[in-house]
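Hi everyone, thanks for coming.

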Amino acid sequence: MISVDQKLIDGVNKGDEQAFRSLFDSYWSYLCSVAAMYVPDSCAVEEIVGDVFMSIWNHRGQYRAPIRGYLVGSVRNACVSHLRSKMLKARLRESYEKELLLFAQQRCLGDEHPLEALSAKETEERIRKIADSLPERCRQVFERYFYYGESTEAISERMHISQSTVRVQLKTALDRLRTELGIAVLFAYIFGGIIN
């Protein structure tokens, strides 16, 4: 492990890419190990740690040695946000599951082919139109969460609103989509990977 002292941190603060590379090389494996204790997905772990380093670079100019505690705390917070985001999606899935089953039952009893409702291009356009018609803050929350994959915590910080407000705005957007698209189309898009 490379020694990380105030001189190296000063280099990062001044935008020295070599100093940043040294910081990255010093802590990458260690921080991945920390993240892996909370998140059992190696791809997510690397993304979380990468995002922490990206934040360090984007907010350079304010750091002091020793930085290890700050990095570990940042990784833990990012892991918590990641897990909360996954739990929110799981709760949304559960809340719509009963409606989806009833919808599927009605489809089975009807004559319409189930894939007729899932024209990807048309549905994508409909989702965009519905999103554009949402109130401004609701639309921004929806787009940041589903199209850019931002966590509720990141959206809260970026938009200067509470996480509970973010969740309310997401529910409002999903309720509108459910009403206008139908539960099967919404479910297929959100949980089938078309919207992340």
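**A walk around the pockets**

Let's start at the second largest pocket, where α2 (17-36) and α3 each supply at least two residues of the lining. Before I go on, a word on where this comes from: it's a predicted model, where local features need pLDDT of at least 70, side-chain atom pairs count only at pLDDT 80 or more, and totals for chains, interfaces and linings use all residues. Residues are numbered from 1 along each chain as its sequence is written, and side-chain values use heavy atoms, with hydrogens and water left out.

Now, what do I mean by a pocket? On a 1 Å grid over the protein atoms alone, a pocket is an open set of points with protein on both sides within 12 Å along at least five of seven lines, while a cavity is a set where a 1.4 Å probe fits but cannot get out; lining residues have an atom within 4 Å of a point. Rolling a probe the size of a water molecule over the atoms shows where empty space is left.

Back to that second largest pocket. It holds about 150 Å³ of space, the volume being what probe spheres set on the grid points fill, with points joined across faces, edges and corners. Its lining is Glu17, Phe20, Arg21, Phe24, Gly50, Phe53, Met54 and Trp57. By class, that's 5 nonpolar, 1 polar and 2 charged. For the classes, Ala, Val, Leu, Ile, Met, Phe, Trp, Tyr, Cys and Pro count as nonpolar, Asp, Glu, Lys and Arg as charged, and the others, Gly among them, as polar.

Keep an eye on Arg21 from that list. Its side chain meets that of Asp25 in a salt bridge, at 3.5 Å from N to O. A salt bridge here is a side-chain nitrogen of Lys or Arg within 4 Å of a carboxyl oxygen of Asp or Glu. Both residues sit in helix α2, 4 residues apart, so about one turn of the helix. On the helices: these are DSSP runs of H or I, at least four residues long, strands are runs of E of at least two, and both are numbered from the N terminus. Arg21 counts as partly exposed because its relative accessibility is 42%, and Asp25 counts as partly exposed too, at 46%. The cut-offs are under 20% relative accessible area for buried, over 50% for exposed, and partly exposed in between, with a 1.4 Å probe and protein chains only.

**The largest pocket**

Which elements give two or more residues to the lining of the largest pocket? First, its volume is about 1,200 Å³, and 32 residues line it, with Asp51, Ala78, Glu150, Ser151 and Ala154 nearest its centre. The elements are α3 (42-58), α4 and α7 (152-159). The largest share, 10 residues, comes from α3. Sorted by class, the lining has 12 nonpolar, 11 polar and 9 charged residues.

Take Glu150, one of those nearest the centre. Is it buried or exposed? Glu150 counts as buried, because its relative accessibility is 14%. Its side chain also meets that of Arg158 in a salt bridge, 3.4 Å from N to O.

**The rest of the chain**

Stepping back, the protein chain has 9 helices and 0 strands. Of its 196 residues, 39% are buried. There are 6 salt bridges in the structure. One of them joins Asp175 and Lys171, at 2.8 Å from N to O; both lie in helix α8 (residues 163-181), 4 residues apart. Then Glu136, Arg139 and Glu143 are linked in a salt-bridge network.

Between α7 and α8 there's a loop, and that's where you'll find His160. Its phi is near 60°, a positive value in a residue other than glycine. With 72% relative accessibility, His160 counts as exposed.

One more pair: Gln6 and Arg64 are 58 residues apart in sequence, yet 6.3 Å apart in space, C-alpha to C-alpha. Gln6 belongs to helix α1 (residues 6-13).
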